[in-house]
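Let's take a friendly walk through this structure together. Keep the sequence and the 3D view at hand as you read.

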Amino acid sequence: MSSDEEDYYMDSDDDMMDDVQDEDTSDIDMDDDDDDTDFGYDFKVGSGSKHKSYQVDYTSLSQPRVEQTMKEDVDHICGIFGVDAGTASLLLRNESWNKERLIEKYMDNTTKVLVDAGAAQPEFALVRPSTTARRSARSTSKLLSFKKSSNPTSSPEQPERIPSTSFTCPICFDDSPDLKQLALHCGHAACSGCWNAYVISKIRDEGEHCIRCMTEGCALVATDEFIHDLLVGPPGSPAPTAVTPIDPSADVHENAVAFNRFNQLLVRNFVSSNPNLKFCPFPGCTNTVECSLGSGKAVLTSVVPTVKCGARGIPQDTSDLKEGVSGKATFSSALGSSGPSGGGTSIHDKEHVFCFGCPIEGDHRPVVCAVAKMWMKKCEDDSETANWIKSNTKECSQCQSTIEKNGGCNHMTCKKCKYEFCWVCMGPWSEHGTAWYSCNRYDEKGSIDARDAQSRSRASLERYLHYYNRWANHEQSAKLSLDLYLKTEKKMEDLQLTSSLTWIEVQFMRRAVDVLLSCRTTLKWTYAMGYYLARGNEKDLFEDNQRDLEKAVEDLSELLEGPMPTEVDAAAGSGSGEGGGGGGQGGQGSISELRQKVTDKTVYVQKRNEIVLDDTAQGFLDGRWRWNTSIDGFEDPADEIRVD
Amino acid sequence: MASISSRRLAKELMEIKNDGCPVGINLVKADDFSTWWFTIQVMGESLYKNEQFTLQFRFDPQYPISSPAVQFVVTDGKEAPVHPHVYSNGHICASILGNEWSPVLSVIAVCVTLQSMLASCKEKQRPIDNDRYIKHAPENPKKTRFHYDDDT
Ligand SMILES: [Zn+2]
Ligand SMILES: [Zn+2]
Ligand SMILES: [Zn+2]
Ligand SMILES: [Zn+2]
Ligand SMILES: [Zn+2]
Ligand SMILES: [Zn+2]
């Protein structure tokens, strides 16, 4: 087409205004106020210290920080190609942000690269958009031309080529005189209302950041600046922070939400094209984690890259951004979260812990991704068989009365007959303290003896249920412990008011629960590991460590669920355990006594947890673990140790 | 203010009534701005000589920003054309109705495109995954994410 089209595109050297939003570009502060509740694996950004065997180096990045990196890439390309920022962004997006490859291709065939990216029409691309020097990030906003067709006197710098006589929008056929018309630099004009509806539908309903011209067959893609100006207002609007969409009837809030989402889509696109980056999978979270695992998948057979994005809970202000972001349930609502309370973070505002190597949300240490995935798949396939295990009630094996579990502790006492037993294996509790008793170990004898197909399949189910039962129980116990703690929390705060204890001093319960929850996560996954570990010496040692951690965790759990002292130095009094928890100790000690006990136990539990994590991780690094089935990335087991 | 879709459909309907439809396409019913029906025939030599099909268009309030839901009617003795891109339940796998939809396209443009899709057909056959697809197909073809393998 003609040269005036070209001018139209090139006429953009005024308007140097650069109003990139002044956002906080600092890194997230990883120094949580409760470092001591972690087990030393809360790796600090930039500390550079030597980490433990079960930790990986990583950095948490906020969205503005990632945007900063993107902008640097865009500026780099602008500098080399002499194109504006909008074009550079389109080129980079189309080449998956691979600068080297883009430069190479661009040098080879500029026209093709521009057209493929939707930055130019085939006939325009012949003219390299590099006649002017580097442009500002804002310059392309002139690509977006709009005018009031009824008012010829309004602005003299408008492109002449759009006739000021009546304009009928080709999409909605509106021809009102005050219609604003917009076009990408192809000149395919439509009214602002149609553009607004179109762009919002692409972003919100399709999650699309490459938004093509509305005209059929036109492959031009809207630049970031076009989207910005359309949705939240062109630069130089009366109040720079206010949202002033070009379309007068646009819903300001809806536009702002869509623009937010657009920026997030750009960040996600950037993050997903870089193997060293991963977007935080928690709903509403916009942080990114950077982690260099080295050469591909192989490393995942020896390392579990557990990372934290640096945020906690669910961002409050994204409640209306959630739609389309993720269909996942939010845990804050499940736990009745009311956001951070009183300066500190609340215990139910969980940290965003996830695996860098696989889609599992949460910490699946000590077991490597391939094994964790297999286990999750197995649980999914067998969910019906195992559903009954999740039930909160069981029958007392002595008097058959129904017993409900209302805490995380597995030491149960039947209210009726006072029988003390283990919730998991239903065996007498008295045996659990003795050295020869192991609740965690599955007796493989049964499956070895089984000769015929039917008894073999029965043995195989029993074996699975042994592991699944314990797996599910730690998950359930963690939840019940948290529920119970939330009830206790209030008591502890009251205690602070009526005693000389400081806020810090009453935090020992919370720390203990934090530790307990993390250790139950470790324990949970040790059962996935145990299910697939081949029998032998190594597995025995693994289960010894597992048992010691489990024992320590159950002891701490029991202590936490025992009766609370009501006064700071109350004399040891009477008071018996409740139905579910607390057998053992019975009486109430003073608060300082309890505090000492809980603190000591917490330290011990942490130590046991570290042993399990470290030993297992070390085993992966040494290639010590042998499996009873084929696992992705590992040697196949010999036939005689297969358990299928 | 009238919604974009009703003003736009009113305009399309007016053009159809004033200018008529292209040869082989006839408006059957358009009493509201939610569902329209057309008959469609392939003119000249083609595999569908002497056959007539009925097309149904359903519009949501986002039309024409979002594409219409278009399918062949397969009730009341009517049948969908036997074509590699047309399922026996009337659903059509055509990129123009999916990711290639453009808000400047119109109902008539869709009819003409489908008409030429039939006209250029070389062999009357159902899509290879027809049986599998119709077993699980959603009621609204727009809910299917078709994979557009070629542009015939
Ligand atoms: Zn319009
Ligand atoms: Zn265009
Ligand atoms: Zn996060
Ligand atoms: Zn993983
Ligand atoms: Zn009993
Ligand atoms: Zn037990």
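Are Cys172(A) and Cys194(A) buried or exposed? Both Cys172(A) and Cys194(A) are buried. Please keep in mind throughout that this is a predicted model.

**Two zinc sites in chain A**

Cys172(A) and Cys194(A) belong to the set that coordinates the zinc ion (ligand 1), together with Cys169(A) and Cys191(A), each through its SG atom. The pair links distant parts of the chain: Cys172(A) sits in the loop between helix H5 (110-116) and strand S2 (181-182) of chain A, while Cys194(A) is in helix H6 (residues 192-206), 22 residues apart.

Cys309(A) counts as buried because its relative accessibility is 0%. His352(A) has a relative accessibility of 1%, so this residue counts as buried as well.

The table puts the two sites side by side.

| Site | Donor distances | Donor angles | Spacing along the chain |
|---|---|---|---|
| zinc ion (ligand 1) | 2.2 to 2.3 Å | 103 to 115° | C-x2-C-x18-C-x2-C |

**A buried histidine**

Another residue to look up is His364(A), in the loop between S7 and helix H10 (369-381) of chain A. With 0% relative accessibility, His364(A) counts as buried, because the limit for that label is under 20%. A polar atom of the His364(A) side chain lies 2.7 Å from the backbone oxygen of Val367(A). Leaving aside neighbours within four places in sequence, the contacts of His364(A) include Cys355(A), Cys358(A), Cys369(A) and Trp525(A). Val304(A) and Ala372(A) are also among them.

Now turn to the partner chain. Chain B has three helices and four strands, which follow the pattern α-β-β-β-β-α-α along the sequence. Of its 152 residues, 47% count as buried. Among the contacts in chain B with a separation of 6 or more, 59% come from residues 24 or more positions apart.

The size of an interface is often given as the accessible area lost when the parts come together. Chain B and chain A bury about 1,300 Å² between them, with 65% of that on carbon and sulfur atoms. On the chain B side, Arg7(B), Ile65(B) and Val104(B) lose the most area to chain A, together 38% of what that side buries.

Arg7(B) also forms a salt bridge with Asp174(A), where the closest N and O atoms are 3.5 Å apart. The count between chain B and chain A is one salt bridge, alongside five residue pairs in polar contact, both residues at pLDDT 80 or more.

Key
Residues numbered from 1 in each chain as written. Chains lettered and ligands numbered in written order. Predicted model: local features only at pLDDT ≥ 70, side-chain atom pairs only at ≥ 80, totals over all residues. Heavy atoms only, no water. Buried < 20%, exposed > 50% of the residue type's maximum accessible area, 1.4 Å probe, protein only. Donors = N, O, S within 2.8 Å, 3.2 Å for Na, K, Ca; no water. Tetrahedral: all angles 85-135°; square planar, octahedral: opposite > 155°, others 65-115°. Helix = DSSP H or I, 4+ residues; strand = E, 2+ residues; numbered from the N terminus. Buried area = accessible area lost by both parts, 1.4 Å probe. Salt bridge = Lys/Arg side-chain N within 4 Å of Asp/Glu carboxyl O. Polar contact = N/O pair within 3.5 Å; in protein donor to acceptor, adjacent residues only side chain to side chain. Contact = heavy atoms within 4.5 Å.
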